[in-house]
Amino acid sequence: MKIVTTPDEIQSIALAKRRQGQTIGLVPTMGYFHEGHLALMREARRRADCVITTLFVNPMQFGPTEDLDNYPHNFGRDTALAESVGVDFLYAPTNAAMYNDEFSSTVHVEGLTSGLCGAARLGHFDGVTTVVAKLFNQTLPHIAVFGQKDFQQLAVIRRMTSDLDFPIEIIAHPIVREESGLAMSSRNTYLKEEEMGAALSLSQAIAGAKAIAANPSSTSNTIKKNVRELIEKHAECTIDYVEIVNALSLEPCDTIDADSIILLAVKINKRIRLIDNSLLLDT
Ligand code: AMP
């Protein structure tokens, strides 16, 4: 596996691979790899001749009071893990290489970005779409793999890819969980032992929501109320949002159907923001 740090070099590599007739699979990440990231890389490995994983903690998608400065990192470990799943290029540009002093462009997706994490983290999705558009242009992939853990992000990126005519197939990978049910996240490393019960309440509340949703007479309001009650039993938890929306439009839905998805964002002890989601009806 080769490590690349500049946009020019990764783009020349991508152009050369394309000229050789190879397909390129991209997995954008912010590093501190766990099994969720590795599953995405394996998926790209299965689908493309050449796999590029990007590791860039994008300052543009963090708010002023968020955890940019202490976002977890371990480049040596990440390098070994990416190599172990067959990644060909680990592309880790510096901030200066991505955003020079004159940088002044933003990619903005309307609508899908206004609720959920977009309402709680102002400007976050502009940062995401801008950096992903740049990474698409730098790495010229045929496919790009994203996790359903960041469900709204996936929807926004699909919209951007279609709106801006990127000739890239977006692949969604299901959420990878710990045995306990906790959705894997780089931020889980911040959790203290005594905060685990609170962190687990997200996946437990989702399991409860699915059990209620299996009853055809259940409504969004009853399900959301039950979820809030379960999570708020843990004094460490502050709910950012509990929403049930249509998985395509991200518009709130009152009644439950096959496209209804529950999405949660919860802060643990005001320090660690966790998200989780699931379709409510098993198909
Ligand atoms: P991040 O490094 O957190 O920006 O995540 C990079 C990619 O990995 C995104 O597409 C995430 O949705 C995906 N991802 C993160 N955690 C998980 C998980 N537990 N299961 C599946 N995908 C994940």
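**Exercise 1. Locate R46 and decide whether R46 is buried or exposed.**

Step 1. R46 is found in helix 2, which covers residues 35–47. The model used in these exercises is a predicted one.

Step 2. The relative accessibility of R46 is 60%. Exposed means over 50% relative accessible area, so R46 counts as exposed.

Step 3. Now take a second residue, V266. R46 and V266 are 220 residues apart in sequence. In space their C-alpha atoms are 34 Å apart.

**Exercise 2. Describe the surroundings of P93.**

Step 1. P93 sits in the loop between strand 4 (89–91) and helix 4.

Step 2. The relative accessible area of P93 is 7%. The cut-off for buried is under 20%, so P93 is buried.

Step 3. Leave aside the neighbours within four places in sequence. P93 is then in contact with T5, L55, F56 and M98.

Step 4. Compare sequence and space for P93 and I268. The two are 175 residues apart along the sequence, and 31 Å separates them from C-alpha to C-alpha.

**Exercise 3. Find which residues A97 touches, not counting residues up to four places away in sequence.**

Step 1. A97 belongs to helix 4, residues 95–98.

Step 2. With a relative accessibility of 30%, A97 counts as partly exposed.

Step 3. When residues up to four places away in sequence are not counted, A97 touches T5 and P7.

Step 4. For T5, check both separations. A97 and T5 are 92 residues apart in sequence, while their C-alpha atoms are 8.1 Å apart in space. T5 is also among the contacts of P93.

**Exercise 4. State where G111 lies and how far its C-alpha atom is from that of V156.**

Step 1. G111 is placed in the loop between helix 4 and helix 5.

Step 2. G111 has 47% relative accessibility and therefore counts as partly exposed.

Step 3. V156 is 45 residues from G111 along the chain, and 9.1 Å separates the two C-alpha atoms.

**Exercise 5. Work out how helix 1 and helix 6 pack.**

Step 1. Two packed helices are described by the angle between their axes and the distance between the axes.

Step 2. Helix 1 spans residues 7–19 and helix 6 spans residues 124–139. Their packing angle is about 50 degrees, and the axes lie 7 Å apart. Helix 1 is therefore oblique to helix 6.

Step 3. List the residues that meet. From helix 1 these are P7, I10, Q11 and A14; from helix 6 they are N137, Q138 and T139.

Step 4. Sort these residues by type. The contact has 3 nonpolar residues, 4 polar residues and no charged ones. P7 of this contact is also touched by A97.

**Exercise 6. Describe the contact between domain 1 and domain 2.**

Step 1. The domain assignment of the chain gives domain 1 as 2–173 and domain 2 as 186–276.

Step 2. The C-alpha centres of domain 1 and domain 2 are 26 Å apart. To the contact, domain 1 gives 19 residues and domain 2 gives 15 residues.

Step 3. The size of an interface is often given as the accessible area lost when the parts come together. Between domain 1 and domain 2 the buried area is about 1500 Å². Carbon and sulfur atoms give 64% of that area.

**Exercise 7. Decide whether S203 is buried or exposed, and list what S203 touches.**

Step 1. S203 is part of helix 8, residues 196–213.

Step 2. S203 has 12% relative accessibility, so S203 counts as buried.

Step 3. Residues up to four places away in sequence are not counted. S203 then touches R177, S180, G181, L182 and D276.

Key. Residues are numbered from 1 along each chain as its sequence is written. This is a predicted model: local features need pLDDT of at least 70, side-chain atom pairs count only at pLDDT 80 or more; totals for chains, interfaces and linings use all residues. Side-chain values use heavy atoms; hydrogens and water are left out. Axes are lines fitted to C-alpha atoms, for helices over the stretch in contact, and angles run from 0 to 180 degrees between N-to-C directions. Helices (H or I, at least four residues) and strands (E, at least two) are DSSP runs, numbered from the N terminus. Angles under 35 degrees count as roughly parallel, over 145 as roughly antiparallel, 65 to 115 as roughly perpendicular and the rest as oblique. Contact means heavy atoms within 4.5 Å. Ala, Val, Leu, Ile, Met, Phe, Trp, Tyr, Cys and Pro count as nonpolar, Asp, Glu, Lys and Arg as charged, and the others, Gly among them, as polar. Domain bounds come from an automatic or database domain assignment. Buried area is the accessible area (1.4 Å probe) that two parts lose on being put together, summed over both. Buried means under 20% relative accessible area, exposed over 50%, partly exposed in between (1.4 Å probe, protein chains only).
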